2 protein chains.
Amino acid sequence: MKIRAIVYGVGKMGILISKYMIEKGVDIVGAIDINPAIVGKDLGEVAGLGRDLNVIIRKDADEVLSEYKADIAIVAVYTDMERMYPIFEKCIENNFNVLTTAGGCAYNWSTHPELTAKLDKLAKKHNVTLTASGLQDSFLINMVTLMTGASHTITSVEGKQKFNLSRFGPVAIRQYGAGKTKEEFYESVAVDHHLKSALYSRLALETLIADLGLTIREMGERIDPVIGDENVLCEGLGTTIKKGLARGMIRTHEAITEQEIRFRFEEIGVVYTMAEEASGDVTNEWFIDGEPQLHMVTDRMSGPIATCAQVVNRIPDVINSEPGYVSVDRLPKLKFRAFPLHFYLQRGR
Amino acid sequence: MKIRAIVYGVGKMGILISKYMIEKGVDIVGAIDINPAIVGKDLGEVAGLGRDLNVIIRKDADEVLSEYKADIAIVAVYTDMERMYPIFEKCIENNFNVLTTAGGCAYNWSTHPELTAKLDKLAKKHNVTLTASGLQDSFLINMVTLMTGASHTITSVEGKQKFNLSRFGPVAIRQYGAGKTKEEFYESVAVDHHLKSALYSRLALETLIADLGLTIREMGERIDPVIGDENVLCEGLGTTIKKGLARGMIRTHEAITEQEIRFRFEEIGVVYTMAEEASGDVTNEWFIDGEPQLHMVTDRMSGPIATCAQVVNRIPDVINSEPGYVSVDRLPKLKFRAFPLHFYLQRGR
């Protein structure tokens, strides 16, 4: 029997995920979005599938969630736990497993202990699972842990993820400080909610450390502009960012564990130069120092495609999982699904 | 309670594994080797630990295996199933879990179906597990599968592992054809057992394909010399290999699956040039073509250290595993062990 899904959030990600789910044999039974431009339209039309799915995009989430039975809700709305909490709660109370693209909801045990414990308890009560997946799943967490399997001793783990801001919308590009002077950048860090509280990279690092069974003693963060040393054309803004101005930012987290292993992770979102564009959208790089030294680069990939493919490949794992708020380190090895997704369901679920 | 181990084979690998096991809190209770230069000596002395372990290296395997109780035997003797089979059989019959470095014994369902089925049955009967780990575990199998988790569609998977032959002994270096003319190389391929039947890379590729749930329709192999275009100094041979002669070989496996996904893997063992030495001993590189394209490089690592670290980190997984002949794709995510290895044992074993 096919997997049935609700798509909660029909933006750029929700659309690509819908297309991939259909191609992997998932039955989409409902779609929710509040964007008036698409409410009332068929999801197949909005997703550019060339055919109707007989799934009308509706704005009343309560109605859709109570009206349809489905195995899982795919939630791609906001990134932060504050705004996602009520959405998760509603999905879980209607007995849906929940899989979200929200990197800011990936591992909130230290950032939002009460909300996280409540979601964990609620999910267990309803015998469903809540998981956030996305680029971090393979490239910042599970592949890194797996590479440490070749380590006898580790003194430090250092990673970075670099991505091209140009593909984002103007609001996000400006949130990363692109086009600001150095002084404007540091002033805005003090007041800009996004700059101060985006949790994607912090939570990825916390999940990685938890996956290794280590305990964080201290964690620090800093945010700096990346100043361009040449003019760069920014498609997303439709302008050139002049040499000497910020073309994005670098967010650095450093953690030291009780076991004296040092972790450092840099998230680098910049408008790419021509030279950088040649190596693709996203580059991840990890150094592990110890015995032996290890080094990994994963690059030349499209961030949105890799994100949506990972989320869709995770669907069977989330449905199969024990109930609760389950981070990706605790799920089985993420892998390509050659067959329709319901082939990967365990019996008894 | 500490894990107890027998070391079966006290060569270069067995020595490094012994050192790592001691450092990770494993109790080595017995050691077996037939090399007269070390038989009768203490393992701690031979491993250069600076202290005795009160473990005398003995040559009679039957005596040692029946005399001592242990959780696991670490077997590093030969690489091929023909010669390893009786050793595995003996360890299993004495109720030891077995973990081996033998890359040629990693996944022999198609190359040695009868021996493999017998070992699987015997291991199940004795409620123990037989697994081969090593460099292929992370770098050719599990990290690759995990990266495919970011694939929506795959048309081909292409990998290569390149390593420096110089660190091997003269016999192995010559087996890879180093120093031969092109004509001598192709003549020796026809008669040299090693060139014809080394299974390391074939079995790694078969495990990867099995891990993805795919079925091989056709598999082909070819072996070619890598001809040097400069003189290279070979430490292991103590001579220079002249420009125009083989400085090693490239073994290529190509497979096509029933699902029309093409796999290609190249094992490249060459005496490194100065330029190649700068990027470390072993480099692994993988391209996945499809939606999206994916690319991974893992490099700058010492092959022997990474191999032995992986084998030691796998000890708890092998002890915890269901019984049988279990390849590494079926074990949990390999990871660094920050704590003594018995901390990772599941209760009830």
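Predicted model: local features only at pLDDT ≥ 70, side-chain atom pairs only at ≥ 80, totals over all residues.
Biologist: What does β2(B) pair with on the β1 side, and over how many bridges?

Modeller: Strand β1 (residues 4–8) of chain B pairs with β2(B) in the parallel sense, over five bridges. Within that pairing, B:V7 is opposite B:A31.

Biologist: And towards β3(B), how many bridges?

Modeller: Two bridges, again parallel, link β2(B) to strand β3 (residues 57–58) of chain B. B:A31 has B:I57 as its bridge partner there, and B:I32 has B:R58.

Biologist: What sits between β1(B) and β2(B), and what is the handedness of the unit?

Modeller: Helix α1 (residues 12–23) of chain B; together with β1(B) and β2(B) this helix makes a right-handed β-α-β unit.

Biologist: Change of topic: the interface. How many residues of each chain are in contact?

Modeller: 49 residues of chain A contact 49 residues of chain B.

Biologist: How much area do chain A and chain B bury between them?

Modeller: About 4000 Å², with 61% of it on carbon and sulfur atoms. On the chain A side, A:L146, A:H152 and A:F336 lose the most area to chain B, and together they account for 19% of what that side buries.

Biologist: What about salt bridges, how many between chain A and chain B?

Modeller: Four. One of the salt bridges is formed by B:K335 and A:D211, whose closest N and O atoms are 2.9 Å apart.

Biologist: How many residue pairs are in polar contact across the interface?

Modeller: Between chain A and chain B there are 27 residue pairs in polar contact, counting pairs with both residues at pLDDT 80 or more. The elements of chain A that give two or more residues to the side touching chain B are α1 (12–23), α6 (135–148), β7 (153–164), β13 (282–291), β14 (294–301) and α12 (303–320).

Biologist: β14 is in that list. How do β14(A) and β14(B) run, parallel or antiparallel?

Modeller: Antiparallel, with five bridges joining β14(A) to β14(B). A:H295 stands opposite B:D299 in that pairing.

Biologist: Is β14(B) largely enclosed or left open?

Modeller: Strand β14 of chain B is residues 294–301, and seven of its eight residues are buried, so the strand is largely enclosed by the rest of the structure.

Biologist: What does β14(B) pair with inside chain B?

Modeller: Strand β13 (residues 282–291) of chain B, antiparallel, through six bridges. B:F287 has B:H295 as its bridge partner in β14(B).

Biologist: Where is B:P292, and what is the peptide bond from B:E291 like?

Modeller: B:P292 lies in the loop between β13 and β14 of chain B. The bond from B:E291 to B:P292 is cis, with omega near -5°. In chain A, a cis peptide bond joins A:E291 and A:P292, with omega about -5°, and A:P292 is in the loop between β13 and β14 of that chain.

Biologist: Last one, A:R247. Buried or exposed?

Modeller: Buried, with a relative accessible area of 11%. A:R247 is in strand β11 (residues 246–257) of chain A.

Biologist: Which side chain is in polar contact with that of A:R247?

Modeller: That of A:E276, at 2.8 Å. Leaving out residues up to four places away in sequence, A:R247 touches several others, among them A:L165, A:V226, A:I241 and A:Y272.

How values were computed: Residues numbered from 1 in each chain as written. Chains lettered and ligands numbered in written order. Heavy atoms only, no water. Pairing = 2+ DSSP bridges. Helix = DSSP H or I, 4+ residues; strand = E, 2+ residues; numbered from the N terminus. Right-handed = clockwise from strand over helix to strand, strands pointing away. Contact = heavy atoms within 4.5 Å. Buried area = accessible area lost by both parts, 1.4 Å probe. Salt bridge = Lys/Arg side-chain N within 4 Å of Asp/Glu carboxyl O. Polar contact = N/O pair within 3.5 Å; in protein donor to acceptor, adjacent residues only side chain to side chain. Buried < 20%, exposed > 50% of the residue type's maximum accessible area, 1.4 Å probe, protein only.
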